[in-house]
Amino acid sequence: MIQLGQKLLRSVVLMAAFMPICGLQGQNVSMVDSCQAGSQYLAYPRPAYGLPELSKAPKGYVPFHMEHYGRHGSRWLLNNEKYSRPVEMLEKADKYGKLTPRGKEVLAELREIQAASLNRIGELTPLGHRQHRDIARRMTKNFPEIFVPGTHVDAKSTVIIRCILSMANEIAELQTICPELEITCDASRTTQKILAYNSTDTIAKKLGDEAEKYAEEYAKTLPKPQAFYEKLFNDRQFVTDSLDERKIFKGIFDIAVNTQSHDNQASLYDLFTAEELNNEWLYRNASWYTTAGNTSLTNNRVPYNQRVLLRNIIESADTAMVSPRLSANLRFGHESILLPLSVLMELNNAAYDTEDLSTLAEHWRNYEIFPMGSNIQIVFYRPKKAKTYTPDDVLVKVLLNEAEAKLPVKPVEGNYYKWSDLRRHYMEKLDGFATRFPE
């Protein structure tokens, strides 16, 4: 049994070794640190990356409403095989005396992790709970004008338990900070049709699945890992002849990058060189892009699998415009929804279009969009002193992961935009969908 103190010490040392990779001036922008290499497993937010200060609203404007979509927090891996397969392959190598001393240590560590995962598959970790409480706390700090007694907060989640618990944590924290909020919650098959419409969009799914081949072809151009196998096995030929090399690497990689979702799992980062981590991320970045991004490889069709959700956001905002009440509509789901929604909304550079996957990472990086706990906050502002106002008077600011995002229309000031301009832009996209993509 490896002692907890030894695990934590190794984690700290290894993270210190890898973290300096992040944010160096002049560095190749495709190079990632050990946490970012995890793509959707990146734990949110990393203190090393920080959260930026938000700009002040234009003079005379005050926030009155929020539309929101949030991914669940940090979780365990999604199926038992992700934990059992690496153990089984290393056990086979151990049976024939093919593990190095470090390989034997890793086998023991993987067994411990597998045992800990029992009955926890896909569930939130303690960090996942804390992430959403922290987000709720910052939400009330950033927009205190919205979260006041009498404000109606409507929260909806997909039917998956980690999403429901993420919602529950945010709501509990909001209620703790302001007990007089009027909160309603729901998680049902009715909400599922809006919050996870991509599961029913068979055309988009087929296009994305077919485009995965482009990412796989790109992966063949990347250097194959070598040091990884040498650290685990004393007979490289045995790995080639008797084991599935790709499944070993992928399986242990997934567990390694997801250790950041836990408070005390043994770190496995020492098994990978910085280049091996980066190359695996380059492939996974390309894979997510081809299956969810705005690329001509899929006729730019796939992000429209979130057209129902975006229209729901617009309709909900329209309702808020004519209501005298302050309000917030919170939605909770998955990265497979938040990513194409960000693309469809054209947040920052999310809608970047290319067929050249070899240069993709210079322009589009998945972990910037959908880490664990990722979220979109659309904040609406109205004139503070006006007795009446119209939608043309409303300004909007969008936060992607609590940082102000650039939008696809001309700003009024800084990162503030006229809601009528943004609404028109999105509705033209949605209304034009049937013409561009007849079903």
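**Labels and their cut-offs**

Modeller: The side chains of Glu67 and Asn329 are joined by a polar contact of 2.8 Å. This is a predicted model, in which local features need pLDDT of at least 70 and side-chain atom pairs count only at pLDDT 80 or more, while totals for chains, interfaces and linings use all residues. Residues are numbered from 1 along each chain as its sequence is written, and side-chain values use heavy atoms, with hydrogens and water left out.

Biologist: What makes the pair Glu67 and Asn329 a polar contact?
Modeller: A polar contact is a pair of N or O atoms within 3.5 Å; within protein, one must be able to donate a hydrogen and the other to accept it, and residues adjacent in sequence count only if both atoms are side-chain atoms. The value for Glu67 and Asn329 is 2.8 Å, so it falls within the 3.5 Å limit. A polar atom of the Glu67 side chain also lies 3.3 Å from the backbone nitrogen of Ala317.

Biologist: Is Glu67 buried or exposed, and how do you know?
Modeller: Buried means under 20% relative accessible area, exposed over 50%, and partly exposed in between, with a 1.4 Å probe and protein chains only. Glu67 has 0%, so it is buried. Glu67 sits in strand β1 (residues 61-71); helices (H or I, at least four residues) and strands (E, at least two) are DSSP runs, numbered from the N terminus.

Biologist: Why are Glu182 and Arg325 called a salt bridge?
Modeller: A salt bridge is a side-chain nitrogen of Lys or Arg within 4 Å of a carboxyl oxygen of Asp or Glu. The closest N and O atoms of Glu182 and Arg325 are 2.5 Å apart, so the pair meets the 4 Å limit. Glu182 lies in strand β3 (residues 182-187) and Arg325 in the loop between α12 and β4 (327-333), so the pair ties together parts that are 143 residues apart in sequence. Glu182, at 41%, is partly exposed, and so is Arg325, at 34%.

Biologist: What separates Asp209 and Lys205 in helix α7?
Modeller: About one helical turn, because they are 4 residues apart in α7 (residues 202-219). Asp209 has 48% relative accessible area and is partly exposed.

Biologist: How many salt bridges does the structure hold?
Modeller: There are 34. Another of them joins Glu105 and Arg102 at 3.0 Å. Arg102 is buried at 14%, whereas Glu105 is partly exposed at 35%.

Biologist: How many disulfides does a search of the whole structure find?
Modeller: The search finds 0. Cys163 is in no disulfide, and the nearest cysteine sulfur, that of Cys185, is 14 Å away. Cys163 is buried at 0%, while Cys185 is partly exposed at 47%.

How values were computed. Disulfide = S-S within 2.5 Å.
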